[in-house]
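Hello,

I am passing a structure on to you, and I hope you enjoy looking through it. Please open it first; my notes on what was found follow below.

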Amino acid sequence: MSDNLRDSYQVTNPRPLTNFFHAVWAVVWKDISAELRSRELISAMFVFSLLVILIFNFALELDARARENVTAGVIWVTFAFAGTLGLNRSMSMEKDRGCLDGLLLAPVDRSAIYFGKAIGNLIFMFLVEIIVLPIYTVLYNVNLFVPGLIITIILGSLGYVAVGTLLSTMAIQARTRDILLPILLFPLVIPVLLAAVKASSGFLQGVSYDEISPWLNILIVYDVIFTAIAYMVFDYVVEE
Amino acid sequence: MLFFIYLQQAPAETTKYMIAGYAVIFMIIFLYLVSMYIRFRNMKRAYKMFMDLDTDTE
Amino acid sequence: MIPKPRLLIGLDFVTAFLFVVAVVMVFFYAPLEAVMGQVQRVFYFHVSTAWVGMLGFLVAAIAGIVYLTKGEEKWDIVGVAAIEISLVFFFVAIISGSIWARPIWNTWWTWDPRLTTAAIVELIYAAYMMLRQGIEDPDRRARFGAVYAILGFLSVPLTFISIRLLRTIHPVVVGGGNPTAAGGFDMSSKMLQTFFFSLFAFSVLFIDLLWHRIRLGTLAHKVEQLRMKDID
């Protein structure tokens with residue numbers, strides 16, 4: 001009896017913060033384990049990225065001199081497109097299998113779902129980036145393993161996923177969901193893409209840090225503002 | 001220097017572009033007003049239709 | 001059906017009057033600009049329409065915040081009304097600016113921060129319209145619209161800053177990216193009067209149009225409710 005009481009006490013009055021992190025982690029882990037089983041998301045994003053890089057090769061005549069200038073642009077366009085693919089898929093999976101409704105019924109803060117999905121998307125995006133970078137390095141003989149570039153990629157992906165997760169949650173609930181996400185997302189992430197491309201190409205060309213830092217600042221400001229806003233409005237996006 | 005004196009005496013002849021600019025401004029605003037008027041009329045008609053439908057059924 | 005309020009009828013007349021006066025001032029009161037000639041007259045309505053555009057987007061973002069906190073439908077109607085009007089006026093501003101730029105900068109378009117940001121803003125709010133069209137449930141449509149209006153409005157300053165940074169680091173390619181450098185001019189007092197009067201006239205026009213559009217939105221909302229009721 002007393003055990004029972006204590007249990008119910010713990011259920012109704014758990015330590016809120018730990019509970020929040022548990023919930024976030026549960027959502028992240030759910031996505032990862034589903035992906036480990038099917039591997040469809042990562043493989044689709046990866047093959048798609050390779051195709052984009054190949055198409056750029058033909059479209060832009062990536063000779064040695066051109067590569068210097070356009071590498072940053074090519075990799076960010078690739079990440080942006082592959083990212084859209086991943087975001088759309090990860091959310092429509094929830095919707096189609098009715099998982100989203102299940103998640104919403106769970107007695108956790110809604111923002112835990114947002115952060116869980118966002119972290120999951122971020123992990124997938126990082127995975128694709130980790131695979132694509134060495135391949136690009138090998139194919140085009142450009143060394144992409146510059147510490148500054150890695151930081152730029154982390155900051156850029158963060159901002160991209162923060163907005164992308166929120167917007168994909170909206171897009172999958174619309175009738176035109178397959179085409180809607182890029183239309184909603186791209187105009188809003190232009191600051192991210194622009195700053196990320198500029199910072200990346202700065203690091204690759206060995207420009208002094210003073211010239212790169214404004215771009216990194218824009219990325220940081222964008223990440224902070226849009227993560228905060230997405231956290232605040234996510235409730236309204238999943239309300240039934 | 002001569003160039004600037006020339007410019008000050010005779011402003012560039014750009015009347016065509018001015019007319020084109022204002023033609024576009026007035027045209028688009030006018031088209032928007034027309035579209036708003038038409039939508040209003042259609043909405044009123046639909047509203048009336050539904051109201052008539054309601055009174056018929058009651 | 002609420003009859004047209006008397007205040008609105010009055011406002012219609014005032015707006016029409018102000019608009020006509022603004023047109024007369026632009027064509028007959030404002031002096032001919034010494035360098036650019038007649039095309040400079042486009043400037044008055046160009047800036048005014050751009051001003052109405054930005055004003056509407058601000059109104060929509062505020063309406064979005066109020067809608068999310070209060071959940072009253074009328075704020076959604078205000079938001080969509082403001083964005084629709086702003087889309088039209090911002091489009092006018094972009095086109096008229098482009099026509100002005102042709103003789104002055106020798107090109108229809110340059111990738112200058114203001115122009116590029118204007119194009120992106122137009123795309124953001126076009127996306128807003130597409131988002132709304134894709135959702136049938138009125139409540140959800142209103143919530144998503146409010147969220148997107150807020151996000152869009154917040155991203156505009158960041159976009160502008162980042163493009164400005166890009167252009168100041170980069171060399172300017174065509175026709176001088178900075179409008180104050182190429183095609184700038186000092187306004188005489190008559191020009192200033194015309195300019196501020198145009199801004200004022202367009203602000204009143206915006207309020208008048210917004211009112212009409214809100215009335216249209218309210219009516220459409222009622223019709224939608226009646227339709228739902230009839231289906232049930």
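In chain A, helices α6(A) and α7(A) lie oblique to each other, because their axes cross at roughly 135 degrees, and angles over 145 would be needed to count as roughly antiparallel. Please keep in mind that this is a predicted model. The two axes, with α6(A) spanning residues 110-140, come within 9 Å, and the crossing of α6(A) and α7(A) is right-handed. On the α6(A) side the contact includes Tyr114(A), Leu122(A), Phe126(A) and Glu129(A), and among its partners on α7(A) are Ile153(A), Leu158(A), Val161(A) and Thr165(A). By type, the residues of this contact of α6(A) with α7(A) are nine nonpolar, four polar and two charged.

Helix α7(A), residues 147-171, also packs against α4(A), residues 64-96, at an angle of about 40 degrees, with the axes 9 Å apart. That angle makes α4(A) oblique to α7(A). Here, too, you will find a right-handed crossing. Ala80(A), Gly83(A), Leu87(A), Asn88(A) and Met91(A) of α4(A) meet Tyr160(A), Gly164(A), Thr165(A), Ser168(A) and Thr169(A) of α7(A). The residues of this contact are four nonpolar, six polar and no charged.

Now for two other chains: 32 residues of chain C are in contact with 26 residues of chain B. On the chain C side, α2 (42-70), α3 (73-105) and α6 (189-231) each give two or more residues, and α6(C) has the largest share, with ten residues. That side of chain C divides into 20 nonpolar, five polar and seven charged residues.

Notes: Residues are numbered from 1 along each chain as its sequence is written. Chains are lettered from A and ligands numbered from 1 in the order in which they are written. This is a predicted model: local features need pLDDT of at least 70, side-chain atom pairs count only at pLDDT 80 or more; totals for chains, interfaces and linings use all residues. Axes are lines fitted to C-alpha atoms, for helices over the stretch in contact, and angles run from 0 to 180 degrees between N-to-C directions. Helices (H or I, at least four residues) and strands (E, at least two) are DSSP runs, numbered from the N terminus. Angles under 35 degrees count as roughly parallel, over 145 as roughly antiparallel, 65 to 115 as roughly perpendicular and the rest as oblique. A crossing is left-handed if the near helix is turned anticlockwise from the far one by less than a right angle, and right-handed if clockwise. Two residues are in contact if their C-beta atoms, placed from the backbone, lie within 7 Å. Ala, Val, Leu, Ile, Met, Phe, Trp, Tyr, Cys and Pro count as nonpolar, Asp, Glu, Lys and Arg as charged, and the others, Gly among them, as polar.
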